[in-house]
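Below is a briefing on one protein model.

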Amino acid sequence: MKVKTKIIFSALIFLLPLISSFSQVHVAYIEGDIDLGLAPYVKRVIDDAEEQMADAVIFRINTFGGRVDAATQIKDAILNSDVLTIAFIDKRAISAGALISLSCNKIVMVPGASIGASTVVDGQGKKVPEKYQSYMRSEMRATAEKNGRRTDIAEGMVDERVVVEGLVDSTQLITLTTTEAMKYGIADTTLNSINEALAFFNLEKADIVKNNENWAESVVRFLSHPIISSLLMMIGMIGMFTEIKSPGWGLPGTAAVIALALFFGAHYILELASVIEIILFVAGAILLILEIFVIPGFGIFGIGGILLMFAGLFLGLLSDFRFIDFDMISAVIIQMALTLIVTLIVIYFLLKFLPKTNMWNKLILADNVNSTSGYSSYSPDFPTMVGHTGKALTDLRPAGTAIIDGKRVDVVTDGEFITRNTPVKVTKVSGSKIVVEETK
């Protein structure tokens with residue numbers, strides 16, 4: 001037994017340095033504007049740290065703020081983490097950056113840094129209505145309370161009406177310097193570098209894992225940009241229109257599916273779009289297809305389908321409903337309107353000019369059929385067909401094919417739907433356009 005004990009003891013002594021070397025600290029970077037694309041990155045860093053049983057995650061923060069909905073997602077991820085979280089404020093943590101900093105277990109500030117000024121403002125920098133300020137006050141207060149920091153100072157960063165004796169009166173928002181943050185218990189220590197922070201928290205021997213944004217997170221942030229998301233919507237609508245106008249399945253339909261998948265996929269990852277928005281859009285597309293190819297005429301199914309599709313796109317552009325205001329809705333409406341206008345211009349261009357080009361023939365299926373096959377797209381005899389009768393060879397929606405005087409010809413109605421095999425009569429001929437109506 002004594003021999004076995006000695007062997008085990010020797011093995012433990014040998015393995016102890018190896019075990020201690022497994023200590024890890026992950027470092028993440030919160031810099032520049034805080035947008036919704038930053039949230040997946042922070043969540044991934046925290047998940048990796050938890051999976052690898054890291055000792056801590058250090059967030060190097062230097063930001064003037066950004067979107068509040070993005071900051072709340074990041075804050076929730078940090079508060080729910082099982083590892084020690086440290087905010088290392090390098091220069092500043094303003095607005096949304098202050099909320100993220102307060103969510104960390106520990107706060108370290110470099111000399112001359114600042115934290116605070118978290119009033120919610122719109123895209124023009126104007127203060128938004130009280131209900132949003134009230135929500136932000138409660139977020140700041142609850143976050144500070146969770147980590148044992150002064151809730152009055154956290155609220156004072158949002159609302160200038162909060163008075164903190166010896167710090168500010170009722171006319172000033174709270175923004176703390178490093179010295180003030182130390183004095184009022186917001187910061188835990190003042191240090192110059194992350195290495196000093198590691199030593200302060202007894203983590204100097206840990207392996208440092210620096211986490212930068214990966215390619216997938218960069219792609220999602222790129223796709224969520226308003227210009228890119230508008231372009232994806234435009235490609236989707238143009239592709240669907242072109243595919244409906246041409247037989248078979250081709251490049252336009254494929255491009256539409258890819259563009260819409262990228263749009264909804266990126267917004268789903270960023271928690272802008274949910275399954276509901278995707279279902280709305282798909283249901284609208286199905287109704288529109290049924291209206292065009294199955295149900296005669298154009299009525300409630302077609303209109304309902306278009307409305308559902310636009311509702312899916314519209315809601316997919318809106319963020320956290322807790323922060324929706326008139327300015328946000330206006331911005332989304334403007335983005336949708338501009339996208340629709342550009343889409344209609346492009347469709348007009350496609351219809352007017354491209355059918356005359358070889359490029360259009362490569363995009364759609366358009367087999368040439370000559371008169372020897374029994375089909376005629378134009379004939380000098382067309383003007384003499386007025387008053388002649390025949391029958392619809394296909395459903396006329398309003399365009400289709402009919403048999404007139406034993407010949408297959410392209411025909412069109414004045415708008416009404418005529419089912420196949422229905423007797424028809426030629427009422428008018430304009431060039432190669434033969435107009436028919438149902439005969440009784």
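The points below are grouped by topic.

This is a predicted model, in which local features need pLDDT of at least 70, side-chain atom pairs count only at pLDDT 80 or more, and totals for chains, interfaces and linings use all residues. Residues are numbered from 1 along each chain as its sequence is written, and side-chain values use heavy atoms, with hydrogens and water left out.

**Overall make-up**

- The protein has 15 helices and 14 strands; both are DSSP runs numbered from the N terminus, helices being H or I with at least four residues and strands E with at least two.
- Of the 440 residues, 42% count as buried (buried is under 20% relative accessible area, exposed over 50% and partly exposed in between, with a 1.4 Å probe and protein chains only).
- Among contacts between residues at least 6 apart in sequence, 61% join residues at least 24 apart; a contact means heavy atoms within 4.5 Å.
- The protein exposes about 23,300 Å², of which carbon and sulfur atoms supply 62% (Shrake-Rupley method, 1.4 Å probe; for residues, only the protein chains shown count as cover).

**Confidence**

- The mean pLDDT is 80, and 80% of the residues reach 70 or more; pLDDT is the predictor's confidence in each residue, from 0 to 100.
- Over residues 365-369 pLDDT stays under 50, and the model has two contacts beyond four places in sequence for them.
- Residues 371-378 also stay under 50 in pLDDT, with 14 contacts beyond four places in sequence.
- Where pLDDT is low, the predicted coordinates should not be read in detail.

**Positive phi**

- Most residues other than glycine have a negative phi.
- K91 has a phi near 95°, a positive value in a residue other than glycine; K91 lies in strand β3 (residues 84-94) and is partly exposed at a relative accessible area of 43%.
- N202 has a positive phi near 60° and is likewise not a glycine; N202 sits in the loop between α8 (194-200) and β8 (207-210) and counts as exposed at 64% relative accessibility.

**Nonpolar surface patch**

- Y268, I269, V275 and I279 form a nonpolar patch on the surface, with about 390 Å² of accessible area together.
- Two or more residues of the nonpolar patch come from each of α11 (251-269) and α12 (275-293).
- Patches are made of residues with over 30% relative accessible area and no salt bridge, like charges being joined within 9 Å and nonpolar side chains (Val, Leu, Ile, Met, Phe, Trp, Tyr) within 5 Å; a salt bridge is a side-chain nitrogen of Lys or Arg within 4 Å of a carboxyl oxygen of Asp or Glu.
- V275 lies in helix α12 and counts as partly exposed at 46% relative accessibility.
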